[in-house]
Amino acid sequence: DFVKASPSRFKQLARVHKKHGGTVLTCVKATSDADYQRYGFVAGDEIEDGLIKATSIIEKPGSREKAGSDFASVSGYIIDPAIFPYLHKRKKILKPNEEFIMQTAMQDMITDGHSIIGREIKNGKFYDAGNKLDYLKTVVDFALDRDDIGNEFREYLKTIV
């Protein structure tokens, strides 16, 4: 996925990490019920506008009630290296054909007192390139924004729409 934001999502994450330390996750607000079946969710205490200090993180909870918030965790993280032993532990207990997800390791970290903060990205637009329609929208939006081809591409779109 992609997030086009000003300042960039990584600058926003870096600012949070510099101030609070720990792991910082890119988050966007869920906009539909389907989001609760597609993303991980961070719940906890809002420490600043758009910042949640996580008390729980759950992958694809299925509903807002199970998620505990509308903060969807999408890709793009600053991860504390302390996660590696947790990932190794989780990998060892993985059942055959079970999907390996790092959110369970992150929940273990939270339980052990590590700081994980969800940062709602401000002044930005989220693109889920894992969804076929959103992928096409991403390509079109990014192409239209390019100085070198944007105008020519816009004219081409006019001829086919």
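Reader: In which loop is the place of Lys60?
Author: This is a predicted model, and Lys60 has a positive phi of about 45 degrees although this residue is not a glycine. The place of Lys60 is in the loop between β4 and α2 (64–67).

Reader: Does Lys60 count as buried, partly exposed or exposed, and why?
Author: Buried means under 20% relative accessible area and exposed means over 50%, with partly exposed in between. Because the relative accessibility of Lys60 is 38%, Lys60 counts as partly exposed.

Reader: How does Asn123 count in terms of accessibility, and why?
Author: Asn123 is found in the loop between β6 and β7 (124–127). Asn123 is not a glycine, although its phi is positive, about 50 degrees. Because its relative accessibility is 64%, Asn123 counts as exposed.

Reader: In what order do the five strands close into a barrel?
Author: The pairing of the strands is mixed. Neighbouring strands of this sheet are turned by 50 degrees against each other on average, direction ignored. The five strands close into the barrel in the order β2-β5-β3-β4-β6.

Reader: Which residue in β5 does Gly40 stand opposite?
Author: Strand β3 covers residues 40–48 and strand β5 covers residues 71–78. These two strands pair in the antiparallel sense over three bridges. In β5, the residue opposite Gly40 is Ser73.

Reader: At about what angle does helix α1 run to β5?
Author: Helix α1 (residues 9–20) lies across β2 (23–29), β3, β4 (51–59), β5 and β6 (116–120). Its angle to β5 is about 85 degrees.

Reader: What angle does the direction of helix α4 make with that of β4?
Author: Helix α4 (residues 103–111) packs on the sheet, where it touches β2, β4, β5 and β6. The direction of α4 makes with that of β4 an angle of about 130 degrees.

Reader: Against which elements do the buried residues of α4 pack?
Author: The buried residues of α4 are Gln103, Ala105, Met106, Asp108, Met109 and Ile110. These buried residues pack against β2, β4, β5, α3 (83–92) and β6.

Reader: What is the omega of the cis peptide bond that joins Ser6 and Pro7?
Author: Pro7 has its place in the loop between β1 (2–5) and α1. For the cis peptide bond between Ser6 and Pro7, omega is about -5 degrees.

Reader: Which residues make the nonpolar surface patch of about 280 Å²?
Author: Tyr135 is found in helix α5 (residues 132–145). With 43% relative accessibility, Tyr135 counts as partly exposed. The patch is made by Tyr135, Leu136 and Val139.

Terms used:
Residues numbered from 1 in each chain as written. Predicted model: local features only at pLDDT ≥ 70, side-chain atom pairs only at ≥ 80, totals over all residues. Heavy atoms only, no water. Pairing = 2+ DSSP bridges. Helix = DSSP H or I, 4+ residues; strand = E, 2+ residues; numbered from the N terminus. Axes fitted to C-alpha atoms, helices over the stretch in contact; angles between N-to-C directions. Contact = heavy atoms within 4.5 Å. Patch = residues over 30% accessible without salt bridge, like charges linked within 9 Å, V, L, I, M, F, W, Y side chains within 5 Å. Areas by Shrake-Rupley, 256 points an atom, 1.4 Å probe, with all protein chains shown as cover. Salt bridge = Lys/Arg side-chain N within 4 Å of Asp/Glu carboxyl O. Buried < 20%, exposed > 50% of the residue type's maximum accessible area, 1.4 Å probe, protein only.
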